[in-house]
Amino acid sequence: MRTVAVVNLKGGSSKTTTTAYLAHAFAASGSDVLVIDSDPQGSTVRWSDAAGWDIPTVALPVKNLHTRVQGIARPTTDVVVIDTPPLLENAGTVYSALRAADVVVVPCAPTSHEVEALPDVWAAIEEVQALRNVPTAAAVLFTRTIANASSTGIYREAIEEGGHRVLATTIPRREAYAQALGAPIRELGPYEAAASEVLALEVQA
Ligand SMILES: Nc1ncnc2c1ncn2[C@@H]1O[C@H](COP(=O)(O)OP(=O)(O)O)[C@@H](O)[C@H]1O
Ligand SMILES: [Mg+2]
């Protein structure tokens, strides 16, 4: 079983959208998926209820996710996806999600504002490493990108120069995603490729 945590510093960074689409993409590729919504705001659980997801989705806004995930997953579960509250607002819960995670996905727009906040996320992952037997793999997923804008390449290079990974797949800014919350997910678009990249992520040497 793989546990994927979707983490960033602030609200509005596409964590919930990323969680929802990645979970559907994992399921579409044949994985038995469980979604855990650790954000007390509960947007993911509401989305799942409203849209009638086939994917089981549970609310678990707690600070001991690392001790709970194994017990909640079924024996057949292949992938657990954890949506998290903003690290800035709910550090305890996010740290426990980071402890639980094999893979951390950091959704981020290629803007100075969001990219400059990434070191706080790397620091949290680093801090949690000390508590884990197995290191976590982490990568940025660029979202809300503008087609043909040079910003995406420039920020990709900056993040990679800092020793961190950015998935090759990017998610464009689209009205369909802006309106997606609460509606059934039918078109996976680039999330399909993003999901296979996420499952292939290995711990960096
Ligand atoms: N690729 C995208 N294109 C356009 N809007 C997006 C995209 N991804 C997310 N959004 C919108 O950005 C806002 C924040 O996304 P959300 O997933 O709720 O972030 P978070 O969970 O980090 O607060 C929402 O209104 C969402 O619909
Ligand atoms: Mg959210």
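**Annotated span and helix H7**

I took the span of residues 4-180 and found its end C-alpha atoms 21 Å apart, with 41% helix and 16% strand. Helices (H or I, at least four residues) and strands (E, at least two) are DSSP runs, numbered from the N terminus. UniProt lists residues 4-180 as "domain: CobQ/CobB/MinD/ParA nucleotide binding", in an unreviewed entry. UniProt positions are given in the numbering used here, feature names are shortened, and annotations may be inferred rather than shown by experiment.

I noted that this is a predicted model, where local features need pLDDT of at least 70, side-chain atom pairs count only at pLDDT 80 or more, and totals for chains, interfaces and linings use all residues. Residues are numbered from 1 along each chain as its sequence is written, chains are lettered from A and ligands numbered from 1 in the order in which they are written, and side-chain values use heavy atoms, with hydrogens and water left out.

**Whole chain**

I counted 9 helices and 6 strands in the protein chain. Of the 205 residues, 53% count as buried. Buried means under 20% relative accessible area, exposed over 50%, and partly exposed in between (1.4 Å probe, protein chains only).

**Helix H7**

I then went to H7, residues 150-161: its 12 residues reach 17 Å from first C-alpha to last, close to the 16 Å expected at 1.5 Å a residue. The expected span is 1.5 Å times one less than the number of residues.

Which residues of H7 are buried? I listed Thr-152, Arg-156 and Ile-159. They are on the same side of H7, because they cover an arc of only 70° around the axis; the arc is that of the directions from the helix axis to the C-beta atoms. On the other side of H7, I found Ser-150, Ile-154, Glu-157 and Glu-161 exposed. The cover over the buried residues includes helix H5 (112-115), helix H6 (118-129) and strand S6 (137-142).

Arg-144 lies in the loop between S6 and H7, with a positive phi near 55°. I logged Arg-144 as buried, at 19% relative accessibility. Asn-148 is in the loop between S6 and H7 and has a positive phi near 65°, but Asn-148 is exposed at 82%. After H7 comes Gly-163, with a positive phi near 90°.

Definitions and conventions
Contact means heavy atoms within 4.5 Å.
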